[in-house]
Amino acid sequence: MKNHLKRFAPLLFVSFFLISLGVSAEENAPASEISINGRAVAFSDKETINLPLLSVENGITVDVVPNNGETVLINGEEVSDSVYLAISSVTREDVLDIVIFQGEETLSYTVNLMPSTFPDYTTEGESTTDGDFYLTTYDLSDNYIFKLNNQGGLIFYKAITKIDENGEEVSTNGLDFRKQYTSDGEVRYTYMPYYADSFADGDCSGINPGCVVVMDENYDVIDEIYYTNENGEEILIDPHGFIWIDEGHYIVTAYKELLVDVPEDLEADDNLADLAVLFIQEVQDGEVLWEFSSADYPRFLYESSEISWNASTKQCYDYAHFNSMAIDEDGNLLVSCRNLDAILKISREDGSLIWQLGGDYDEFGLTEEQLFSYQHSIILTADGSYMLFDNANTANATKLDKSSSVVRLKVDEDTKTVTDFVRYQVVDYFSNYMGAIREVDAENSVYLWSVGGNYMADFLAHPEWSMVEYTEGDGEVASYDFCFRFEDGKGRLYCANKCE
């Protein structure tokens with residue numbers, strides 16, 4: 001008999017739910033077999049259980065096979081075959097109470113449909129655009145990729161974990177959760193977990209390498225993507241950015257620690273520098289189509305804001321610091337390098353540098369009002385403009401003291417000029433790193449903005465919102481359609497995406 005638990009609101013039917021719980025050899029463990037959406041529940045001696053992954057799109061089916069005369073109750077109803085829960089989103093109050101009677105013994109378990117470690121959040125408004133919000137927490141004790149519907153309801157989450165040096169599964173950071181499609185129309189989900197604290201010894205704390213995790217339409221992991229080095233070996237990638245083109249076809253980045261010869265006029269120790277050299281490559285069906293190396297361009301050494309030349313061989317310098325990329329209208333690659341204050345355009349034919357926008361070697365004659373610094377999240381808008389999140393770390397670069405902003409500009413690549421420029425603020429807040437901008441409705445000028453930011457000792461105010469979906473009008477923010485905030489004001493998002 002199939003039952004409906006009436007404490008849950010009805011919903012659509014689409015996806016999948018996974019549970020992986022600790023195994024226990026307790027003598028009073030239930031003999032009955034219980035599974036959730038086809039996955040066996042391994043009971044431990046804990047009375048309260050958090051789920052590592054949940055999608056409500058398909059609802060939840062609990063299957064029970066009673067053994068040894070046990071009686072199983074799910075939320076107070078006796079179940080001897082299966083029970084179905086139709087739900088639209090999950091909250092703290094949504095649980096499965098499982099009670100198992102073993103003769104005179106009673107075993108009780110509570111399964112949280114929203115984990116106790118999931119951060120508390122609030123939302124305001126309702127999104128007017130199609131699709132769900134795809135979000136990633138950052139630097140919490142337990143991090144998640146997760147989805148919200150247009151009303152702010154939690155409809156999917158997955159704990160982001162890695163295996164540590166002791167072989168234990170532990171929480172880690174993850175970036176850039178997205179929905180992708182193959183050329184055949186099949187759904188894929190990708191995100192980028194951190195697998196190591198740093199790729200090298202020294203001052204490379206901003207580089208925490210990992211991989212790209214690829215999941216199918218049911219959120220089952222089907223692949224992991226790495227960088228292919230010159231020996232054909234897979235090495236950890238930089239998780240700040242990844243471009244999915246098709247199954248087996250992607251653009252990915254990585255760093256290699258190299259001792260690089262530098263010009264004498266830089267007066268480096270022994271004319272050498274220990275650098276985190278940025279590599280970018282496009283791969284299709286296992287073949288590397290082209291590769292870019294920042295070491296091929298000595299001018300980056302002159303304009304980097306991160307190198308102390310009198311100690312150049314004593315620590316590894318993240319001198320370029322890649323943080324996002326996008327494909328331009330002509331098919332070539334746009335790359336944001338934070339520590340160069342620049343956007344680079346790279347050829348997808350041979351990996352060569354085509355031009356540079358911003359930084360000391362700017363080729364477009366940016367005025368003082370148009371300068372940006374330590375920027376993130378380069379995107380191409382539907383009208384052919386470039387849009388980025390200007391962190392504005394360099395003093396007075398934007399004339400907005402201690403405040404970050406969004407920059408949108410259009411360029412003429414033939415004349416190397418800026419033909420249109422606008423700067424506007426979404427929230428009056430200085431985010432000294434992280435921050436993302438997405439275009440979600442070009443016709444109505446609707447954008448999605450999210451801020452990470454480091455809460456500095458001398459700048460204690462937290463942003464009012466971690467993410468807003470807003471409508472732009474004449475360089476101003478005309479209205480907020482939907483806002484998301486962590487209740488304690490301290491939680492951070494790396495970036496937000498809106499996917500259909």
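Before the exercises, some ground rules. This is a predicted model, where local features need pLDDT of at least 70, side-chain atom pairs count only at pLDDT 80 or more, and totals for chains, interfaces and linings use all residues. Residues are numbered from 1 along each chain as its sequence is written, and side-chain values use heavy atoms, with hydrogens and water left out.

**Exercise 1. Get an overview of the fold.**

Step one: take the secondary structure, which comes to 1 helix and 39 strands. These are DSSP runs numbered from the N terminus: helices are H or I with at least four residues, strands are E with at least two.

Step two: check burial. Of the 500 residues, 56% count as buried (under 20% relative accessible area; exposed is over 50%, partly exposed in between; 1.4 Å probe, protein chains only).

Step three: look at contacts, meaning heavy atoms within 4.5 Å. Among those between residues at least 6 apart in sequence, 58% join residues at least 24 apart.

**Exercise 2. Find the nonpolar cores.**

Start with the definition: a nonpolar core is a set of buried Ala, Val, Leu, Ile, Met, Phe, Trp, Tyr and Cys residues joined through side-chain atoms within 4.5 Å. The largest one has 49 residues, and Leu-275, Ile-280, Phe-292, Leu-333 and Val-335 have the most contacts inside it. Strand 25 (residues 272-284) gives the most to this core, with 8 residues. A second, separate core holds 43 residues, among them Ile-36, Val-56, Leu-113 and Leu-135.

Now zoom in on Phe-292: setting aside neighbours within four places in sequence, its contacts include Leu-278, Phe-279, Ile-280 and Tyr-297.

**Exercise 3. Trace the surroundings of Phe-177 and Thr-190.**

Next, burial. Phe-177 counts as buried because its relative accessible area is 0%; Thr-190 is buried too, at 2%.

Then the partners. Beyond four places in sequence, Phe-177 touches residues including Tyr-134, Phe-156, Tyr-189, Thr-190 and Asn-497. Phe-177 and Tyr-189 are 12 residues apart in sequence, yet their C-alpha atoms are 7.3 Å apart. The side chain of Thr-190 also makes a polar contact of 3.0 Å with that of Gln-180 (a pair of N or O atoms within 3.5 Å; within protein, one must be able to donate a hydrogen and the other to accept it, and residues adjacent in sequence count only if both atoms are side-chain atoms).

**Exercise 4. Classify two aromatic pairs.**

The structure holds 25 aromatic pairs. Rings of Phe, Tyr and Trp (its six-membered ring) pair if their centres lie within 6.5 Å; planes under 30 degrees apart count as stacked, over 60 as edge-to-face and the rest as tilted.

Pair one: Phe-118 and Tyr-121 have ring centres 6.4 Å apart and planes at 75°, so call it edge-to-face.

Pair two: Phe-156 and Tyr-219 are stacked, at 4.1 Å centre to centre with 20° between the planes. Their positions are 63 residues apart: Phe-156 lies in strand 14 (residues 154-159), Tyr-219 in the loop between strand 19 (212-215) and strand 20 (221-225). Both Phe-156 and Tyr-219 are buried.
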